[in-house]
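This report describes selected local features of one structure, beginning with the ligand and then turning to a helix pair and to the backbone.

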Amino acid sequence: MKISIIGGTGYVGLITGLGLAVHGHDVICMDGDSSKLNKLNNGELPIFEESLHELLKEATDRNKVVFTNNIKTAVRESDIIMIAVGTPESKNGETDMSQLILALKLVAGYINNYKTIVIKSTIPVGTCAMARMIIKDNLKNPMIPFDVVSNPEFLREGNAVSDFLNPDRIVVGVDTPESEVVMKELYRTFDAPMVFTDTRSSEMVKYACNAYLATRISFINEISEISEKVNADIHAILQGMKLDKRIGSHYLNPGPGFGGPCLAKDLKSLICFAGKANAGLPLLKAVLERNGLQIKNIIDYVMSELKDIGSKKIAVLGLSFKAGTNDTRNSPAIHLLEKIADTKTSIHVYDPVVKNLEEPLHSRVTFSTNIMDTIMDADCLIVMTEWPEFKELNLEMVYMMMKTPLIIDTRNIFSPNKAYHLGFSYKGIGITNPIFDSIDVSLKNII
Ligand code: UDX
């Protein structure tokens, strides 16, 4: 099939376009960002994503993808127009639909025969209905038939290529039998169940999934705080939880709180549009509140430790919002650095793929080219992401290299017992020092 991706050089658009291309479709990735288009036309990638280079090479070697800024060609030469433009968060938490509305108007103006318009962007419930009206109002010939379809994506940064090529399921919201036939053909070669719903339910699936994922993270972070207060061990607690098939072990790792461009944005958008529909939302608001508390608690702990450290050296490992990506949008590490930047500490940072930060932060920190230089003579080591090369650090060597043996491990990548027995002052998430006196804290007040 002939497909165009409007917004075809962004995370979702590019991976979707290349993924469909290697499945045999003829894909036009259209975007207005000339720097990204130039990179792609030179075989370079505008984003860091595992195994994306191989996908780009295969799609271009097979002549199944082109990159262009010409929206007229993209629309006229395609049967399916997939819209994957950004739907960022606006100031009050609502979704900023301006890019989507502009794309719909431009696409509509070039429609010259039946098209299936597929919205891949994350959109509030009811957007497909709005899209139908916008297209109808902007068609050059109002008699030309078209359909609007919802097809949300569930791609995780750092895992996006695999998530696209091996989806757990493909969700499609349609309002006509014709568009259902088109979408079945589009994904015919994918080995995954297709879930067909109406467009509003399909739009809601994306928010429900991300809200649930965010809830799991805030839940385990709250359990971790309780664990610290009652001198329990989150690792042991998780061992006891995950064998329950209803709970499982995935997506239940305590940390500095969920970052990135999606979870918090989608949760705020959901709270906004569901609130307008008079839904109550106490749970989802609490999930967001807990998330803010998680990074605040970590920052407060670091600041309390820094108070003693004064103007000494701290080492921060990891800048992106999670391992596997170079995306620092809404990264807990950045929130932490912005706070520490106001102190007199000498801040040394290392990240395997993030080599630049926005000013003024970039000039405030020292980028080390390797982990050892970062850790050498540090008075505090803060782990913010769970890259394998951080997990493989030899703690004995780290102990000898640091001036003050203080580790703040926001990803629980190190063994607490090993750290304690080496003599580190170790702060994990949901962990307390096993040398802690054994009297049960809840009984202390009684005895
Ligand atoms: C998320 C959803 O997973 C994906 O389906 C959706 O399409 C986009 O949003 P992404 O934000 O890229 O994907 O990454 P994800 O792996 O979900 O991590 C989100 C945040 O949660 C990161 O900050 C990560 O560190 C954190 N996280 C994740 C945890 O703290 N604990 C976990 O167990 C999992």
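In this predicted model, an N or O atom in the side chain of K322 lies 2.9 Å from an oxygen atom of the ligand. Y251 likewise contributes an N or O atom of its side chain, at 2.4 Å from a ligand oxygen atom, whereas F321 takes part through a backbone N or O atom, 3.0 Å from an oxygen atom of the ligand. The ligand is surrounded by 20 residues, of which E157, K206, Y251, N253 and R411 are the closest.

| Residue | Part of the residue | Distance to a ligand oxygen atom |
|---|---|---|
| Y251 | side chain | 2.4 Å |
| K322 | side chain | 2.9 Å |
| F321 | backbone | 3.0 Å |

K206, one of the closest residues to the ligand, also belongs to the part of helix 9 that meets helix 11. The axes of helix 9 (residues 199-229) and helix 11 (residues 263-276) come within 9 Å and cross at roughly 120°, which makes helix 9 oblique to helix 11. The crossing is left-handed. Among the residues that meet are M204, Y207 and I217 in helix 9, and L263, D266 and F273 in helix 11; the contact as a whole comprises 10 nonpolar, 2 polar and 2 charged residues.

Two backbone features remain. Most residues other than glycine have a negative phi, and most peptide bonds are trans. N231, in the loop between helix 9 and helix 10 (234-242), has a positive phi of about 60° although it is not a glycine. The peptide bond from E359 to P360 is cis, with omega near 5°, and P360 is situated in the loop that connects strand 10 (346-350) and helix 14 (361-364).

Definitions and conventions: Residues numbered from 1 in each chain as written. Predicted model: local features only at pLDDT ≥ 70, side-chain atom pairs only at ≥ 80, totals over all residues. Heavy atoms only, no water. Axes fitted to C-alpha atoms, helices over the stretch in contact; angles between N-to-C directions. Helix = DSSP H or I, 4+ residues; strand = E, 2+ residues; numbered from the N terminus. Parallel < 35°, antiparallel > 145°, perpendicular 65-115°, else oblique. Left-handed = near helix turned anticlockwise from the far one by under 90°. Contact = heavy atoms within 4.5 Å. Nonpolar A, V, L, I, M, F, W, Y, C, P; charged D, E, K, R; others polar. Near = heavy atom within 4 Å. Polar contact = N/O pair within 3.5 Å; in protein donor to acceptor, adjacent residues only side chain to side chain.
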